[in-house]
Amino acid sequence: MCSGCLGWRRSGAYPLGQCHRCRRSQLPLLDWLCRCCTIVLAEHGQQPLHQPWTQLWFGGPFALRLKTRAGLLGYQPPHWRARARALAASPDPPPISAHLVDPRQGVLFDVRRDWSRIGAAPDLPTLTPAAAELLAAFRRQARQCRWNHENLRSAENALKLLLGWLGADAPIPEEDIRSLSSAVSWASAHRALVFLTERELVIPNPEREISADQRWADITLTALPAGLASDLRRWVAAMRGHGRRGRRPATATVIRNYLSSALPCSSNGTAAASR
């Protein structure tokens with residue numbers, strides 16, 4: 001007697017017969033089901049044909065329809081409910097790292113990061129929006145370069161680990177990136193290091209720089225008297241981070257500027273002329 005079923009009957013598009021589910025006769029059918037059973041199955045899924053049941057609902061303008069608009073009078077389509085159940089069953093995402101590097105924070109003292117604590121495939125922190133965008137750019141570059149799956153996976157693991165724990169707002173020391181590969185077997189830091197260097201997100205290690213200033217310092221110390229050269233070599237080694245107390249290595253330019261002031265006048269003049 002509802003308007004929907006009367007519409008089916010009056011349209012003439014649905015043959016009359018007995019519904020295979022509820023066994024009522026002389027009803028308009030679609031695939032051998034009446035309109036009521038079609039709605040019940042669409043709403044509640046398949047049921048055994050020998051034990052049919054029908055969920056009661058309001059009639060008139062409040063009745064369910066085959067194409068009820070989502071959100072109408074609080075109606076939720078079945079796939080909405082399935083999605084809500086899946087979200088409720090899934091665990092909450094891990095929090096954002098509490099160790100993100102703040103570019104406004106000054107350095108009190110230098111400490112080398114130890115990645116061995118997270119070497120056993122840990123749950124990484126949730127990426128910040130900036131870190132997620134950087135990871136997406138890395139994946140696009142990998143597709144353009146056609147890296148093989150193994151190289152991409154190990155390089156992506158390294159980048160996710162770096163961005164997850166340290167973030168993407170401040171440059172990361174080069175040695176912290178390089179030490180990752182030796183501490184974490186499932187991450188390869190080389191491609192991540194190149195990628196971050198191209199985006200000026202790496203603090204280079206002066207010890208790995210072979211510059212004109214460094215070559216000048218080595219040649220100049222060789223030409224000095226043995227006693228003076230020995231003392232200055234120990235001083236240069238300390239400036240490069242190899243002294244008794246660990247420190248961040250100075251750049252070759254800084255070492256050359258200081259060394260020029262300590263040279264004898266003749267050597268200092270030669271150094272000035274060489275500039």
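In this predicted model, helix H4 meets helix H5 through Ala131, Leu134, Leu135, Phe138, Arg139 and Ala142. Their partners in H5 are Leu152, Ala155, Glu156, Leu159, Lys160 and Leu163. Contact here means heavy atoms within 4.5 Å. By class, this contact has nine nonpolar, no polar and three charged residues. Ala, Val, Leu, Ile, Met, Phe, Trp, Tyr, Cys and Pro count as nonpolar, Asp, Glu, Lys and Arg as charged, and the others, Gly among them, as polar.

H4 spans residues 129-145 and H5 spans residues 149-166. Helices (H or I, at least four residues) and strands (E, at least two) are DSSP runs, numbered from the N terminus. The two helices pack at an angle of about 165 degrees, with their axes 10 Å apart. H4 is therefore roughly antiparallel to H5. Axes are lines fitted to C-alpha atoms, for helices over the stretch in contact, and angles run from 0 to 180 degrees between N-to-C directions. Angles under 35 degrees count as roughly parallel, over 145 as roughly antiparallel, 65 to 115 as roughly perpendicular and the rest as oblique.

H5 also packs with helix H7 (residues 190-198), at an angle of about 60 degrees and with the axes 8 Å apart. H5 and H7 are therefore oblique to each other. On the H5 side, Asn151, Ala155, Ala158, Leu159 and Leu162 take part. They meet Arg191, Ala192, Phe195 and Leu196 in H7. This contact has seven nonpolar, one polar and one charged residues.

Strands S1 and S2 (residues 27-30) pair in the antiparallel sense over two bridges. Two strands pair if DSSP finds at least two bridges between them. Leucine 16 stands opposite proline 28 in S2. S2 also pairs with strand S3 (residues 33-34), again antiparallel and over two bridges. Here leucine 30 faces leucine 33. S2 and S3 form a hairpin with two residues between them. In the turn, aspartate 31 has a positive phi of about 55 degrees.

The chain averages a pLDDT of 79, and 83% of the residues score at least 70. The pLDDT is the predictor's confidence in each residue, from 0 to 100. Confidence is highest in S1 (residues 16-17), at 92, and lowest in helix H11 (residues 265-274), at a mean of 49. Over residues 269-275 the pLDDT is below 50. Beyond near neighbours in sequence, this stretch has eight contacts in the model. Where pLDDT is low, the predicted coordinates should not be read in detail.

Residues are numbered from 1 along each chain as its sequence is written, and side-chain values use heavy atoms, with hydrogens and water left out. Local features need pLDDT of at least 70, side-chain atom pairs count only at pLDDT 80 or more, and totals for chains, interfaces and linings use all residues.
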